Amino acid sequence: MNVIFTIITALSALIMCVFEPSAFLPALLGGARKGVECCLTLFCIYAVWMGLSQVAEESGLTKRVAAMLSPACTRFFRTGDSEAVGAISMNISCNLLGIGGAATPFAVKAIGRLEGEKNEYAQNLLFIINATSIQLIPTTVIALRAAEGSAAAHDITLPSLIATAISTGLAVAVYIFCEKIKHRRAKKCAM
Amino acid sequence: MRYVIPLIFLLVILYAVKKRVRVYPAFTRGVKSAVDFTLGLLPLIVCVFIMCEIFEASHLSDKISAMLSPLFGLLGIPPQLAKLALIKPFSGSGSLSMLGSVIKTYGADSYIARCACVMYGSSETVFYISAVYFSKCANKKRLLPVAIILLSSLISAAVACLLCRIM
């Protein structure tokens, strides 16, 4: 992120310095304002879902959901931390239901727990699953198409599902493959 | 689908009542942790948005997407959508407004607009997510996963365009 931020900011500054120097500061301020507005929107989403998830947690509901999914999670993410497994299962359930806003706090919690056991493999895997978007029904897009007078706003559901399944599946497979190669190389070096 | 969220709320609250958990204080504690959580994210999100804004304002994004559009063409992605494919990893709201304008320009049921919808639905704002997810990690250098995600998003965009042509 550091490299990307530095390169993009410097290049953009250079270009704007040459072509439209007066638009530079307004753009920066506008960006900051958009960031704050985004945080406000996010806070509303997090407040609702973290409030509810706290209730679910204190009543033991989260543990019950996690217990159902934990055998699969434990193997796939190679973690023994039951709280991390709970957060991961909640994250994936929220993603599948299409409440992406609720998924983020669970993911951050899981990643924090995994940091405790230095499990970078599981952190990256969870990041990949979330960043390639696993969603059963693309609600936002359907709403947008319906608003613009589409005859069949829902007809993109199946292609979207296939495309997102391919991207998630592919990314997970490539990552696991890369990890295996790394592992093998490390073994060879040790020998 | 619209019943799912109210039902989830009802279910969680009923379960909590059954287990004799005090719902209001628990909910308040959850919101309190949401405050801390959001405040922790604020600096990261503001930085990402500033970067995206000048990336757009300097027309650097236009130049890069013009450069990349032959490559996108090779993968079967229409050149009109090159910018959408490029912006999506950076900015959710930016790409959503771009999707809106594509739908308006070409009509909701056109091939281009359907491609754009599937592309939009099958990828995520990678840089923003990586900033949020790894905010508390010691190791912030996650080049391999980010590279893999960008590559697979590109492939899924190509697949999206192909699927729209046949379905």
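Hi everyone, let me start with a patch on the surface. L96(A), L136(A), L158(A), L161(A), I162(A), I166(A), L170(A), V174(A), L151(B), I155(B), I166(B) and M167(B) form a nonpolar patch there, with about 950 Å² of accessible area together. Please keep in mind that this is a predicted model.

Where do those residues sit? Helix α8 of chain A and helix α8 of chain B, residues 143-166, each supply at least two residues of the patch. The most comes from α8(A), which gives six residues. On the other chain, L151(B) is a residue of helix α8 of chain B.

Now to the interface. How much area do chain B and chain A bury between them? The value is about 7300 Å², and 79% of it is on carbon and sulfur atoms. On the chain B side, Y15(B), I54(B) and Y133(B) lose the most area to chain A, together 10% of what that side buries. In terms of contacts, 79 residues of chain B touch 83 residues of chain A.

Next, the salt bridges. Side chains of opposite charge can pair when their charged atoms come close. Over all chains, the count is 14 salt bridges, and between chain B and chain A it is five. For a pair that joins the two chains, look at R29(B) and E58(A), whose side chains meet in a salt bridge at 2.9 Å, N to O.

Inside chain A, E37(A) and R33(A) form a salt bridge too, with their closest N and O atoms 3.4 Å apart. Why are these two separated by about one helical turn? Because E37(A) and R33(A) are four residues apart in helix α2 of chain A, residues 24-58.

How values were computed:
Residues numbered from 1 in each chain as written. Chains lettered and ligands numbered in written order. Predicted model: local features only at pLDDT ≥ 70, side-chain atom pairs only at ≥ 80, totals over all residues. Heavy atoms only, no water. Contact = heavy atoms within 4.5 Å. Buried area = accessible area lost by both parts, 1.4 Å probe. Salt bridge = Lys/Arg side-chain N within 4 Å of Asp/Glu carboxyl O. Patch = residues over 30% accessible without salt bridge, like charges linked within 9 Å, V, L, I, M, F, W, Y side chains within 5 Å. Areas by Shrake-Rupley, 256 points an atom, 1.4 Å probe, with all protein chains shown as cover.
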